[in-house]
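This briefing concerns a predicted model. Please consult the sequence and the structure shown below before reading the points that follow.

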Amino acid sequence: MVKKSVLKIVTAAALAVGTTLSAFAADPIKIGSVLSVTGPAAFLGDPELKTLQLYIEKINKEGGVLGRQLQLVHYDDGSDAGKANGFAKRLLDDDKVDIIVGGSTTGSTMSMVPLVEKAEVPFISLAGAVVIVEPVKKWVFKTPHTDRMASEKVFDDMKKRGLTKIALFAETSGFGMSGKKETEALAGKMGITLVATETYGPKDTDMTPQLTKIKNTAGVQAIFVFGFGQGPAVVNKSYKQLGLTLPLYHAHGVASEEFIKLSGPAAEGVRLPAAALLVADKLAANDPQKPVTTAYRKAYNDRYKEDVSTFGGHAYDGLMIAVDAFKRAGSTDKAKVRDAIEATKGYIGTGGKVNMSATDHMGLDQTSFLVLEIKNGDWVLVK
Amino acid sequence: MSALKRHYALIVLATVLLLLPLVLPNNYYYDIVIRMAINAIIVLGLNLLIGFAGQISLGHAGFVGIGAYASAIFPTHFGWHPIFAMLAGAAIASAIAAIVARPIFRLKGHYLAMATLGLGIIIAIVIKNEGTYTGGPDGMPVVALGLMGFEISGEKQWYWVLAATLLFSFWASKNLIDSPFGRALRALHGSEVASQVMGVDIVRYKVAIFVLSAFFASLMGSVTAHYIGFVTPNIADFFHSIELVTMVVIGGMASIYGSLIGAVLLTALPQALSTFEGWETVAFGSILMLCMIFMPKGLVPTLAARFGRNDGEPR
């Protein structure tokens with residue numbers, strides 16, 4: 001009698017162990033994501049989601065990571081930070097994801113940060129502002145360049161041309177306002193004087209009043225526009241209309257083929273900082289970023305029949321850094337994965353070369369930005 | 001017995017709120033219920049204005065935004081206690097509502113809708129542009145809400161705070177509707193001329209109810225800000241206003257239960273549909289459209305009429 005029940009228990013235990021083991025082996029690695037696929041920030045979330053889906057599918061076909069498949073759990077916050085916060089709880093408490101790659105805007109990222117810090121889950125953000133990684137937060141990383149880096153690159157190029165008195169023309173969007181703040185803080189340090197500062201609304205259709213004001217300000221040597229989308233193209237047109245000849249600079253937000261198409265001939269001579277992704281075909285053959293950027297462009301083009309944007313590239317980098325960290329950690333243990341992400345060294349992505357450290361959770365430096373000039377409707381590298 | 005009958009709905013709601021934690025599996029579900037409660041409280045106030053008094057407001061998210069940003073700005077930039085900040089926000093929202101109400105309520109129908117819409121948009125623009133204080137479009141963090149050394153943190157504590165608040169506003173709304181004030185509101189909804197003839201000071205009542213709903217919206221804005229710990233201008237924008245009005249309309253105008261049902265449904269639906277892979281917006285829109293085609297009076301009034309019960313709703 002006793003023997004029988006012992007046998008039963010042993011069999012039951014063996015079965016239980018067996019099932020948990022097999023369940024463990026088949027369990028996918030869960031990658032959580034909250035992206036702004038709809039709403040005003042859809043231009044960020046849409047390519048990001050497409051990129052994540054494309055590459056997770058691809059990685060799974062090639063056998064997954066650590067012998068496990070990847071599973072993407074994604075939600076659309078509709079460009080609303082309050083909703084992003086709710087979905088982050090869902091990812092952490094209900095879906096129990098192993099890592100979060102996402103957060104299209106700075107607002108939605110920052111609304112998720114306190115949650116991931118508390119839940120101690122690694123989080124790779126795809127949003128731009130410096131505040132995400134400064135001060136350093138233990139569980140939070142990011143892949144895109146910051147607006148400060150863009151301004152630095154532009155100021156460097158201006159100084160090379162002997163331009164030190166400039167007008168700043170910023171958009172009243174999140175991107176533009178954050179850029180304005182960083183640019184204003186940086187100007188003094190880099191020996192640049194802002195002699196005029198104007199703003200425009202993202203949906204304005206005519207910028208001649210502000211540009212006329214800039215034109216009539218004494219001593220302006222160049223104009224630096226900080227904006228994204230159609231606004232900067234309208235700036236170009238108004239600028240040509242007024243017959244301005246001052247050197248015109250834009251920020252990294254306009255680095256897309258669309259910008260040249262929208263501006264038409266008014267884009268001639270415009271300079272801007274950009275990641276290598278956009279000019280993948282113009283990089284030198286021995287450039288370390290050449291293989292990864294051309295491969296990503298091709299994969300994305302083949303699948304979706306549309307041009308790549310740097311934002312999709314940020315998602316690609318985020319996913320690859322995560323996958324790399326899983327491999328080096330040898331498990332999905334959250335603390336180990338976090339340490340592995342922090343130890344990322346020499347990863348070559350679409351955004352540049354990433355070297356993370358305990359004090360730098362972005363890992364990109366100035367060399368990851370190139371200065372481009374638009375000539376005959378195409379990008380030209382400025383040496 | 002009569003007391004039991006009179007408070008029947010209140011007791012049911014209290015029981016549901018008490019028992020809910022037993023079936024909520026994790027923080028995420030608490031989170032949804034908390035958001036439902038926050039929306040329900042705003043919608044209760046808004047329904048008094050739209051459903052009972054018959055005055056539309058397409059700018060209510062503006063008041064939510066004022067509360068949220070008062071709770072964000074005063075403690076962060078001026079070192080105020082969060083409770084004072086919350087009350088200050090509610091006072092500011094009420095004051096703005098009181099000041100603009102008189103000219104605005106001279107308007108009717110589409111013009112009233114336009115004016116309230118403008119008000120909401122102006123508030124949203126101010127929040128977006130005063131970057132030095134509000135953090136601009138990227139938003140700003142909010143300190144935790146504490147009282148006498150005790151800090152509300154975590155979903156479970158917030159749940160009880162909001163359950164109590166919801167119960168209170170449900171009770172208060174029901175009482176208000178059955179008071180002379182509520183009868184006057186319904187009278188002016190029916191016919192302004194007739195109620196004026198009967199001695200109802202219609203301007204005073206319209207202003208009072210507008211201020212009251214703005215007050216509640218602002219308080220809930222503060223609660224949202226403290227609960228999430230971060231605010232962005234989205235909270236004050238036009239789409240949020242529309243969302244609130246939709247909750248009123250779907251649930252049922254001039255129905256207290258309708259406010260609850262509307263808030264619960266429209267908070268839960270996007271979550272339930274989020275697995276639809278890009279079709280969630282389409283599904284959401286279709287559901288709303290079908291509701292409006294087949295139940296133009298809103299869920300609760302239509303169903304109550306269908307099953308021939310009044311459910312103690314005031315008519």
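In chain A, five strands form an open sheet with parallel pairing, in the order E2-E1-E3-E4-E5; two strands pair if DSSP finds at least two bridges between them. Helices (H or I, at least four residues) and strands (E, at least two) are DSSP runs numbered from the N terminus. In this predicted model, local features need pLDDT of at least 70 and side-chain atom pairs count only at pLDDT 80 or more, whereas totals for chains, interfaces and linings use all residues. Residues are numbered from 1 along each chain as its sequence is written, with chains lettered from A and ligands numbered from 1 in the order in which they are written.

**Sheet of chain A**

- Strands E2 (70-76) and E5 (140-142) of chain A are the edge strands; each has a single partner strand, so one side of each lacks a neighbour in the sheet.
- On average, neighbouring strands of this sheet are turned by 25° against each other, direction ignored.
- Strand E4 (residues 123-125) of chain A pairs with E5(A) in the parallel sense over three bridges.
- A:Ser125 lies opposite A:Lys142 in E5(A).

**Helices on the sheet**

- Helix H2 (residues 42-61) of chain A packs on the sheet, touching strands E1 (29-35), E2 and E3 (99-102) of chain A, and its direction makes about 165° with that of E2(A).
- Helix H4 (residues 106-119) of chain A also packs on the sheet, touching E1, E3, E4 and E5 of chain A, and its direction makes about 170° with that of E4(A).
- Angles run from 0 to 180 degrees between N-to-C directions, and axes are lines fitted to C-alpha atoms, for helices over the stretch in contact.

- The axes of helix H3 (residues 81-94) of chain A and helix H3 (residues 27-52) of chain B come within 8 Å and cross at roughly 155°.
- That crossing makes H3(A) roughly antiparallel to H3(B) (over 145 degrees).
- The contact (C-beta atoms, placed from the backbone, within 7 Å) involves A:Gly86, A:Lys89, A:Arg90, A:Asp93 and A:Asp94 of H3(A), and B:Asn27, B:Tyr28, B:Asp31 and B:Arg35 of H3(B).

**Chain B as a whole**

- Chain B contains 15 helices and four strands.
- The C-alpha atoms of chain B fill a box of roughly 50 × 50 × 45 Å, taken along the principal axes.
- Buried residues (20 or more other C-beta atoms within 10 Å of their own, C-beta atoms being placed from the backbone) make up 46% of the 315 residues in chain B.

Notes
Parallel < 35°, antiparallel > 145°, perpendicular 65-115°, else oblique. Contact = placed C-beta atoms within 7 Å. Buried ≥ 20, exposed ≤ 12 C-beta atoms within 10 Å, placed from the backbone.
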